[in-house]
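This briefing is for a reader who has the sequence and the model at hand. Please keep both open while going through the points below.

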Amino acid sequence: MSVLFIEYPKCTTCKRAKKWLDEHGVAYADRHIVEDNPTAAELKAWHERSGLPLRRFFNTSGMKYRELGIKAKLDAGMSDDEAFDLLATDGMLVKRPLVVGDDFVLVGFKEPAWEEAPL
């Protein structure tokens, strides 16, 4: 089985995650999150598959997140569709890395969750 690994190559967490995949013999297709930003439709499908709250898909530590005041917009009741559209405008808004499998999605790199995933 091969998964889709979505990363920002300069991100140290993404580098650690990629190393983990390599060390565990996981086959993956690599995708640069800025050069090939996820679409709103992809994000919606991944969100549904992940079982996670939509906020987990936002890179809350990113400068762009703070500059655009996204937390306040989410708190004010931004719809899911509006959030997917916003995330699709800039890969730097999306939490990374993402690992997309046939029936699961991992957001961010937390080793225990990755150990439990069907990779």
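E42 is partly exposed, with a relative accessible area of 24%. The model is a predicted one. In it, the side chain of E42 meets that of R31 in a salt bridge, at 2.8 Å from N to O. The points below begin with this pair and go on to other salt bridges, the sheet, the helices, the cysteines and a loop.

**Salt bridges**

- Side chains of opposite charge can pair when their charged atoms come close.
- A search of the whole structure finds nine salt bridges.
- The bridge between R31 and E42 has a distance of 2.8 Å from N to O, and the pair links distant parts of the chain, with R31 in strand β2 and E42 in helix α2, 11 residues apart.
- R31 has a relative accessibility of 10% and therefore counts as buried, whereas E42, at 24%, is partly exposed.
- The cut-off explains this contrast, because buried means under 20% relative accessible area.
- K18 forms a salt bridge with E7, and their closest N and O atoms are 2.9 Å apart.
- This pair also links distant parts of the chain: K18 belongs to helix α1 and E7 to strand β1, 11 residues apart.
- K18 is partly exposed, with a relative accessible area of 23%, while E7 is buried, with a relative accessible area of 4%.
- A network of salt bridges links E7, K18 and D30.
- D75 and K71 are joined through their side chains by a salt bridge of 2.8 Å, N to O.
- Both D75 and K71 lie in helix α4, four residues apart, which is about one turn of the helix.
- An α-helix has 3.6 residues a turn, so residues three or four places apart point the same way.
- D75 counts as partly exposed at 46% relative accessibility, and K71 is partly exposed too, with a relative accessible area of 48%.

**The sheet**

- Four strands form an open sheet in the order β2-β1-β3-β4, and their pairing is mixed.
- β2 (27-32) and β4 (105-107) stand at the edges, each with a single partner strand, so one side of each has no neighbour in the sheet.
- On average, neighbouring strands of this sheet are turned by 15° against each other, direction ignored.
- Strand β1 (residues 2-7) pairs with strand β3 (residues 98-100) in the antiparallel sense, over three bridges.
- L4 stands opposite V100, a residue of β3.

**Helices α1 and α5**

- Helix α1 (residues 12-23) lies across β1 and β2, and runs at about 165° to β1.
- Which residues of helix α5 (residues 80-87) are buried? They are A83, F84, L86 and L87.
- Seen down the axis of α5, these buried residues fall within an arc of 160°, so they line one face of the helix.
- The buried residues of α5 pack against α2 (40-50) and α4 (70-75).

**Cysteines**

- A disulfide is a covalent bond between the sulfur atoms of two cysteines.
- A search of the whole structure finds zero disulfides.
- C11 is in no disulfide, and the nearest cysteine sulfur, that of C14, is 3.4 Å away.
- C11 counts as buried at 13% relative accessibility, and C14 counts as buried at 0%.

- N59 has its place in the loop between α2 and α3 (63-67).
- Is N59 buried or exposed? N59 is buried, with a relative accessible area of 8%.
- Leaving out residues up to four places away in sequence, N59 touches Y65, M92, L93, V94, K95 and R96.
- R96, one of the residues that N59 touches, is joined to P97 by a cis peptide bond, with omega at about -5°.
- Most peptide bonds are trans.
- P97 lies in the loop between α5 and β3.

Conventions
Residues numbered from 1 in each chain as written. Predicted model: local features only at pLDDT ≥ 70, side-chain atom pairs only at ≥ 80, totals over all residues. Heavy atoms only, no water. Buried < 20%, exposed > 50% of the residue type's maximum accessible area, 1.4 Å probe, protein only. Helix = DSSP H or I, 4+ residues; strand = E, 2+ residues; numbered from the N terminus. Arc of directions from axis to C-beta. Contact = heavy atoms within 4.5 Å. Pairing = 2+ DSSP bridges. Axes fitted to C-alpha atoms, helices over the stretch in contact; angles between N-to-C directions. Disulfide = S-S within 2.5 Å. Salt bridge = Lys/Arg side-chain N within 4 Å of Asp/Glu carboxyl O.
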